[in-house]
Amino acid sequence: MLSLGSGGAKQPPKASFVSYVTPEEINPEKEPPKKERYPDLLPGEVVFCSASPILKYTQDELSQRGVFGTLVCTNFRVSFISDEVQVEDTIQHFKNKLYGENDIPLMCVDNIYGGYDDKKKLITCPLLKNKCPSKIIIHCKDLRVFQYCLTYTDEKDARKIFQGIVHHCLESKSLKCVFAFSYNANNAEMQRKGRTVMFDSIDDWTQEMKRTKGVCRLVAENQSFELSQRLPQYFFVPANVTEEDFQNARKFNGKGLPIWCWSHHTGCALFKTAALPLMQEDTIPQAYMEKMLNAVAQNYLYSVKTEDLSDTLPSLQEVQLSYTKFKQFFLIDNSTEFWMSDVKWFSSLENAGWLDIIRQCLQKAVEVVECLEKENTNVLIMEEEGSDLCCVISSLVQLMLDPYYRTLTGFQSLVQKEWIAGGHNFQDRCNHLHHKDKEHLQTPVFLLFLECVWQLLHQHSPAFQFSETYLTVLSDSVHVPVFSTFLFNSVQQKVSMMTAESPQTQRGPLNCPTVWDWSVQFDCRAQEFFINPLYTDKLRVDKLTKKSHRPKHTRQLSLPSSAFKTPSKKGFFKEETDSLKKMLRVKRLSRWMLSPDASPQASTSEFYEAWLRRPLDYHGVLLPLLDGPAVRVWMQRYLRWIPEVQICGGGTVAVTNRLAELQGEVRELLRRLERQCGGIDAGGPYHSDHHHLYDNVAPLPPHLLRSSVRLSSSFPFASIRNWPFKPAIPTSMLQGLIVSDPDNMADREDEYTETISLV
Amino acid sequence: MASASIPAYNSIPLENSSSQNASNESLKMEPLADVALLPGEERVIDKDIIYICPFNGALKGKVFITNFRLYFKSDGDHVVVLDVPLGAISRVEKMGGASSRGENSYGLDITCKDMRNLRFALKQEGHSRRDIFEILFRYAFPLSHGLPLFAYLSQEKFDENGWHVYKPMEEYRRQGLPTDKWRISFINEDYKLCDTYPTILVVPFKATEDDLQKVATFRSRCRIPVLSWINKENQAVIVRCSQPLVGMSGKRNKDDERYLEMIREANGTTKLTIFDARPNVNAVANKATGGGYEGDDAYQNAELVFLDIHNIHVMRESLKKLKDIVYPNVEEAHWLSSLESTHWLEHIKLVLSGAIQVADKVSSGNSVVVHCSDGWDRTAQLTSLAMLMLDSHYRTLRGFQVLLEKEWIGFGHKFASRIGHGDKNHADQDRSPIFLQFIDCVWQMTKQFPTAFEFNERLLMVILDHLYSCRFGTFLYNCENVRDNNLLRTKTVSLWSLVNSDTSSFINPFYTEESSRVLYPVASMRHLELWVTYYIRWNPRIRQQQQSPVEQRYRELLALRDQYLKKLQELQLSDSSPSTHLSNSSTPSAASPTQHITRLQTPF
């Protein structure tokens, strides 16, 4: 589990110590003087309210036991400080420096429930009409569940802390109240870690254009957001977009401008745009749109395919609805609930539809990849805002086509380019400010993207420099209100907030770190968990590909139909020539693709089939596997806090540790070898030949190496001391297994033919 | 990754060819010189044929049938090969004929036991279909035609004799038996006490041979409670048996009651736990046919736990449903709910969680008795899985072989009836994938504990392939008694001969020996997954996912480490004795570098 704070004089709490004192044994008369303890506060952190004694239920029992301590609400977090003395902290390898395992950053709170006797009520406003609930249950956006019992503290204190927490977590607030604006860590060394390209300067953009060898027109006219408040200060558009077009674009607040995303080495490129509302009567936007399309098309005379994502992918409301259902399977209050939900696990997953949405996004990205890679056409993807599913698809396409984005810095740069500069409405999509009137805008679009990346990573692990732990931490970091990265709706909002001398703060411009400065959250050792030990760099791959041949496959499919046979022409992408009317028809064609008879299998293209048959090149085009068994639940993110599913001494971590051990051994050998040879004859060749094998290792701390057996499958997220050594034995199985059984097979005997001779 | 040049439809794709020495025979098969026949394998017929491949459409080619296999190779550039042991065939049927229309109307439909169906089309002329059909029918089901199984015709020779892998006395001695509480009994030497038990049994020290005889009368098919495993630390035991013959009238048997009491007393367990693998209702229903379960009043020092595992018929239907959703095409639109509706993983969960409960009891010092109805299906699953969790020896390559020989083969899991070796009666109600289900459970455990098992997935696949193939004697017949009568161990080769003659491909490189650890897998649907690489392996799309990059990387690193070690040694030698540098440089490299891992710790 993430452990508390930066380890100062005060003791971070531990859930590992189970208090066996039953509630009745606490004698209220003989109560010791109240000792309220505060967590180590971050710079700028202020305590709002606190209460003690509060009983924190442990998660692994049936909510019968717990630890006493103090519950504190600050402007950054809700924190629980245990009264128990902290055991020496040896097993924390993966400490978050900002918040610990018993801290919930305010933004990370998802839902709060009040427990009244046996009932659980969703809390939506801090006003308590009747009595204070006996229990406060907090569901977090990083899937943790906390349950606190309020009955041992004063009614007054209980009320105060309950209302305080609810107020600060759920009530709408102004952006200025977000902790990032108070956080004044003395981060003098705040630097752009690891060369992540931020895409906030002309230079960043031109470098990227140069890297992909594309030719487009740089737009610097939006430096002070005169063109559009939604677009970044600098961006690229097709080369023959004219000044006049910018005049038009200004009218539509930048909508309709094809924003360059990425250029394929063949010269074709991917663009995205916010769709213009097209009225039949109004000819101006139509003419403008037509012109824009021509601009995309005549960029080197490529043909253009357009795709309106709002027609072919689930709507944002559907995405939100689906995720709301899905996450519920992991916010488990107790063991009984866990085993109950285990029975119908697969069909529940399916009904939530989340995995299917992931599959659809990946599928769509594959289609775009085909256009760029095989047909060499320009692609223009669009949707209403041009900053939601467009970001998902464009970044996925780039991940699949460009191995640079599969490196750690490449990936961070991609997020900067497509999501931050791309103007994804993080603030509204996450509803960071809990504005009631913006609740309908809330949708986990960025998480959906990370989910898709995880599928790729899970299927083709050696292709990625970053690990699944990195993705999990990144998904958590969206809800840590310290970073500027995911706080705003647009570059314009960020710039105005961060540069303006604001009268409220009196502290001058906001200077909060970007999330990519991982040292704010993790020390160097913990950051090593972000690196995927299976990743190989390009050098080695080049060598390999020289050796391996690529057999050409000619499919002979003149024979009877098979399920895998596909129509040679697909209809969902539209060949765009010159007319807007044709573009409008795309919508109908896209609809056609969603019709029930077009099963996913039928829509797999020959391009995809051919790719599947080729030997996998981790530094080439990387496509996802999309069939039923291939799309899976992101186990680490979703199961890490659930005690029932921890495999003690098992899980993939066991293998990764062995790998890391061996990598350490090899590195040590090489060091010795180099010393022996004076570093001349051995050092050179050995190093250049094989350093990929151990260079990007995440070396585990030495004391961990030989103890991999004791790690749990949710490592590095849950410390093992918290898990029982007793096996989890499923309950409620009888209700589960209802065998549909017309012949009463279940009642038959195994050997029904013979009767037992009675003695 | 899957190299496309390798034909993807090999029936025994994972087994390294062990039959290069059969080159003489293979010369006979001129057009198919690339088929290496096994020693003792003989060609029967060959014919032009069309294979209706569900993944590539109809493929023209040639089929060869021997007394062991069906081999098909397609013409053309993209070669598709089928290599199916006839033992894997459960059903052969003619489809269509003179009255049906279309090009490929003379069809042959072959249902296999290994999750696939094969369809061929033949020409109308020359009765070619009739010939093929009759030959297949005869050689795929030799026992129904008075012919011997191929295992009795095979002339294969291996360096090691797999029949020596399991010696009951050695295994009991390894467990620390006999003790002052448990003794070895030879009462069943001639299979007189129980014809489906092995000859050597371990029973409570206090129980006399006469007691055993009496208890046998009260246990279904005389399968009395005998020790399977003893925990060296706490002397808690796993005892297996069949159901007591309680019947409708609720009969009691003092001898049986006393016998269980002796088991309880052997390590001072306060309450003996009896695990009845069946669902409660089934156990009750069994009373009608004379069976039943241990009642509270009769067995006062015992607690009875029902584990709710369903019977062989339910499991058979479940697998049938699973096949429907994975072959030939993987159900796409509603994969998860389809998977759930087969209940296959749910059954796996129940078996695993039953075994976890058994292991948990034993490791906390309580002796347990495990039974179902006859004690050869669910009981074998539970005891062997519990032993796999408790005893790390069974997680080694050889230990696992011992486990199978002991708990499954020795104690009379009815392989012949459950698999139907060489038998044409494909609809036999006695057939059931109980052993497959067990291997699946083992696979689930290897997935959850990737460093705890010395063997790899490949071994499990090879075991399942030869469960059906009839190439080896290992899984033939129902019990030891019948095996002895058929001189199995002298006339056939053991599967372990093949495996142990070249173990390298069955070794899990990540294996880390930990002798005293109890493994508790998580029996939750969150962790259980479909064994895609087995159940869907015929689908060419799935084969891609077989690669394990981690393993590949690990092997690369191992090679690199060995290379460095060798280099270091060479350097060291040249340093210490520069004059003999040249003559000595080859010596250290001859020693296997892997033997020097420990040296890493000591400075050179």
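The expected span of a helix is taken as 1.5 Å times one less than its number of residues, and helices (H or I, at least four residues) and strands (E, at least two) are DSSP runs numbered from the N terminus. The views below show a predicted model, in which local features need pLDDT of at least 70, side-chain atom pairs count only at pLDDT 80 or more, and totals for chains, interfaces and linings use all residues. Residues are numbered from 1 along each chain as its sequence is written, chains are lettered from A and ligands numbered from 1 in the order in which they are written, and side-chain values use heavy atoms, with hydrogens and water left out.

**View 1. Helix α13 of chain A, its length and its burial.** The 15 residues of α13(A) should span 21 Å at 1.5 Å a residue, and the end C-alpha atoms of this helix are 21 Å apart, in agreement with that value. Of these 15 residues, 14 are buried (under 20% relative accessible area, where over 50% is exposed and anything in between partly exposed, with a 1.4 Å probe and protein chains only), so α13(A) is largely enclosed by the rest of the structure. As background to this view, chain A has 24 helices and 15 strands, and buried residues make up 61% of its 759 residues.

**View 2. The packing of α13 against α14 in chain A.** Two packed helices are described by the angle between their axes and the distance between the axes. The axes, which are lines fitted to C-alpha atoms over the stretch in contact, with angles running from 0 to 180 degrees between N-to-C directions, come within 10 Å for α13 (residues 445–459) and α14 (residues 468–477) of chain A and cross at roughly 175 degrees. The two helices are therefore roughly antiparallel, since angles over 145 degrees count as such, while those under 35 count as roughly parallel, 65 to 115 as roughly perpendicular and the rest as oblique. The contact (heavy atoms within 4.5 Å) includes Phe446(A) and Trp454(A) of α13(A) and Leu471(A) and Leu474(A) of α14(A).

**View 3. The crossing of α9 and α13 in chain B.** Helix α9 (residues 344–363) and helix α13 (residues 434–448) of chain B have axes that come within 10 Å and cross at roughly 75 degrees, which makes α9(B) roughly perpendicular to α13(B). Among the residues that meet here are Trp344(B), His347(B) and Ile348(B) in α9(B) and Leu436(B), Asp440(B) and Met445(B) in α13(B).

**View 4. The annotated binding site of chain B.** An unreviewed UniProt entry carries the annotation "binding site" for Asn311(B), Ile312(B), Cys372(B), Ser373(B), Asp374(B), Gly375(B), Trp376(B), Asp377(B) and Arg378(B); such annotations may be inferred rather than shown by experiment. These residues span 68 residues in sequence, yet no two of their C-alpha atoms are more than 12.3 Å apart, so they gather at one spot. Gly375(B), in the loop between β14 (368–371) and α10 (378–390), is buried with a relative accessible area of 2%. Leaving aside neighbours within four places in sequence, Gly375(B) is in contact with Arg223(B), Arg240(B), Cys241(B) and Ser242(B).

View 5. UniProt, in an unreviewed entry, places the feature "active site" at Cys372(B), a residue of the loop between β14 and α10 of chain B. Cys372(B) is buried, with a relative accessible area of 1%, and its contacts beyond four places in sequence include Asp276(B), Arg278(B) and Asp377(B). Asp377(B) is placed in the loop between β14 and α10 and is buried, with a relative accessible area of 1%.
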